[in-house]
Amino acid sequence: MTDTPETREFDGVELRKVREFVWEIPQSGGMNAPARVLASDALLDQIADDNTLQQLRNSTHLPGITKYAVCMPDGHQGYGFPVGGVGATDTTDGCISPGAVGYDINCGVRMVRTNLTYDDVRGTEEELVDSLFANVPSGLGGGGVVEGDADTVEAILERGMEWALEEGYATEDDLAHCEDEGRRPDARPEFVSQKAKDRGRNQIGSLGSGNHFLEVQRVTDVFDGEVAEAFGLREDQIVVLIHCGSRGLGHQVCTDYLRRIEKRHGDLLERLPDKELAAAPAGSELADEYYGAMCAAINFAWVNRQLITHRTRRVFERVFRMDADELGMELLYDVAHNIAKREVHEVGVDADGTAVAEADAVDHEERELYVHRKGATRAFPAGREEVPPAYRDVGQPVIIPGSMGAGSYVLVGGAESLPETFGSTAHGAGRVMSRTAAKQEYWGETVQDELRDQDHIYVKAQSGATVAEEAPGVYKDVDEVVRVSDALGIGDKVARTFPVCNIKG
Amino acid sequence: MTDDPDTVADGGADGDDGRFELRDHTADVAVAATADSLGGVFAAVANGLTAAMCDEVPDTGERFPIEVRAESPEAALFDYLDECIYERDVRSVLPADHRARVGPVDGEWVVEASARGVPFADVVARDVKAVTYSEMELAETADGWRAYVVFDV
């Protein structure tokens with residue numbers, strides 16, 4: 001008698017358990033590859049509670065999708081492609097999909113270290129949160145750190161953080177500790193529409209709203225002392241987390257290309273189960289133009305986070321009466337959550353050299369792929385040449401923000417990330433409750449009061465509704481998300497942080 | 001173009017006959033709308049977009065025109081809502097009190113619309129990033145039109 005694989009079914013989607021924390025939706029119908037969900041039983045129940053599994057299955061209809069599409073442990077329903085989704089498509093006979101990157105191109109997170117300890121900050125929390133809120137633009141119509149003209153926008157799109165360095169908003173060290181050193185060389189500003197540039201002009205250096213935030217945190221736990229030392233982290237240290245993206249400019253780039261692809265490649269679109277998966281065939285004019293425009297928007301997002309870093313340094317200097325160098329305010333790392341990148345990965349091939357599902361592979365070859373990460377973080381292990389020299393011997397830092405009541409994690413890219421997830425892991429806690437339900441469940445001022453009185457966390461937001469929508473109870477258990485990542489070896493635990501104060505749009 | 005467009009045939013309505021509801025969506029927000037006319041349902045979805053950004057809209061602001069042309073009614077709805085978001089960012093106003101007429105002209109679907117632009121200084125509002133095609137519905141019913149649109153927050 002042979003063992004029957006454990007299976008579970010949710011609304012017509014059947015999953016087969018591959019091993020602990022790994023579930024697979026077998027290839028069938030119009031799927032071009034299987035799909036995998038990386039989750040514990042508890043997380044799988046939450047992931048299956050909305051349309052995440054259907055969206056994940058839909059994503060495997062993309063032409064040239066390789067090996068499998070993967071949903072990270074924090075996955076949830078998005079639009080077209082699930083949030084927490086990773087899909088790699090061949091750059092020669094596959095496609096690139098703006099919908100699989102998302103509207104907020106290079107929505108991402110960065111962590112800034114300080115030399116301060118929690119004791120240094122206690123008693124200043126209200127002054128700090130008030131000063132950060134007053135000086136870091138947030139919300140709708142809050143303007144930006146820089147009021148840009150057309151030339152400024154062009155320069156940012158072209159040169160990314162190199163522009164910030166030239167203008168005095170960044171240090172050489174900042175660039176050395178950012179993914180791609182803060183500049184995508186493939187950026188083509190000429191493929192970014194005037195509408196997108198118009199929207200970006202008055203938002204350069206702004207948080208926006210939704211789930212974006214700036215949070216001062218203290219390091220509460222160090223799990224891996226050696227890697228933590230390489231990252232410059234120690235217990236009780238104060239760090240700053242900045243989470244935002246490419247603002248209206250990036251949103252417009254995605255919108256523009258979805259519509260252009262709809263008009264130009266309607267035949268491909270008709271074969272896809274969701275219009276939001278709109279994709280341009282690899283090698284087509286639109287694929288190249290979208291890639292260039294997306295890379296330019298990636299540069300814009302890095303500058304956005306850099307200008308907020310610059311303003312944060314000035315606030316800390318005033319509050320703590322020391323300059324930023326004395327405060328040790330160095331960038332630990334900056335990672336993207338919504339991005340597609342040309343990367344080389346090993347894939348299984350059949351006897352003809354065609355990429356096939358792992359079960360049918362007779363050999364393996366290196367292939368260049370568009371790796372789409374939508375609500376997922378690149379998590380390259382030690383040795384990958386894309387990891388900055390500062391971290392190449394230990395692996396890429398991965399920052400996993402949790403809710404404003406639960407804290408966050410710093411991980412390091414795990415050795416299993418390359419074979420399992422195209423070098424990717426989770427990007428956060430992931431929502432479990434809708435925004436409309438959250439506003440019925442929570443009252444913003446009450447959430448703020450409870451966080452301050454019970455957990456000594458000081459929150460300031462443009463709108464009480466935003467606080468209610470982002471209440472700690474609307475998110476998955478970040479500890480469980482990280483437990484799965486760590487157990488699978490795709491992103492390994494290094495340190496945990498807990499909020500001190502938080503500003504939101 | 002005037003505040004009350006009259007160049008697009010839309011059953012004689014001026015597009016303010018609609019109703020909307022904000023619907024649950026895990027990370028984003030959805031708007032379900034109905035109206036007697038196509039223009040009415042477009043305006044109702046746009047009013048839902050406004051409600052997703054702001055709980056209490058003050059009476060301030062001047063009206064401004066919005067016009068789009070697209071190859072199908074769904075594409076016209078997508079482009080119209082995208083234009084509302086674009087105008088919001090470049091005019092620094094919250095578009096509210098939407099009016100729209102929608103109809104076919106020379107093989108295209110034309111939206112002639114207007115909104116009242118509430119200055120950001122007068123309002124506390126949240127960002128909605130973009131309109132999406134995900135799960136979009138636009139259909140004629142026995143009573144008029146219904147639409148369902150998911151917005152990225």
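In which sense do strand β6 and β8(B) of chain B pair, and over how many bridges? Please bear in mind that the model is predicted.

Select residues 144–152 of chain B, which form β8.

**Second stop: strand β7.** Next, select residues 137–141 of chain B. This is strand β7, and its pairing with β8(B) is antiparallel, with five bridges. Here Leu138(B) faces Ala147(B) in β8(B) as its opposite residue. Follow the chain from β7(B) into β8(B): the two strands form a hairpin, with two residues between them.

Select residues 130–131 of chain B. Strand β6 and β8(B) pair in the antiparallel sense over two bridges, which settles the opening question. Display Val131(B) together with Phe151(B), its bridge partner in β8(B).

Now show both chains. In this view, 27 residues of chain B are in contact with 36 residues of chain A. Select α2 of chain B, residues 73–91, alongside β8(B); each of these elements supplies at least two residues of the side that touches chain A. The largest share of that side, four residues, comes from α2(B). Finally, colour the side of chain B that touches chain A by residue class: 13 of its residues are nonpolar, five are polar and nine are charged.

How values were computed: Residues numbered from 1 in each chain as written. Chains lettered and ligands numbered in written order. Predicted model: local features only at pLDDT ≥ 70, side-chain atom pairs only at ≥ 80, totals over all residues. Contact = placed C-beta atoms within 7 Å. Nonpolar A, V, L, I, M, F, W, Y, C, P; charged D, E, K, R; others polar. Pairing = 2+ DSSP bridges.
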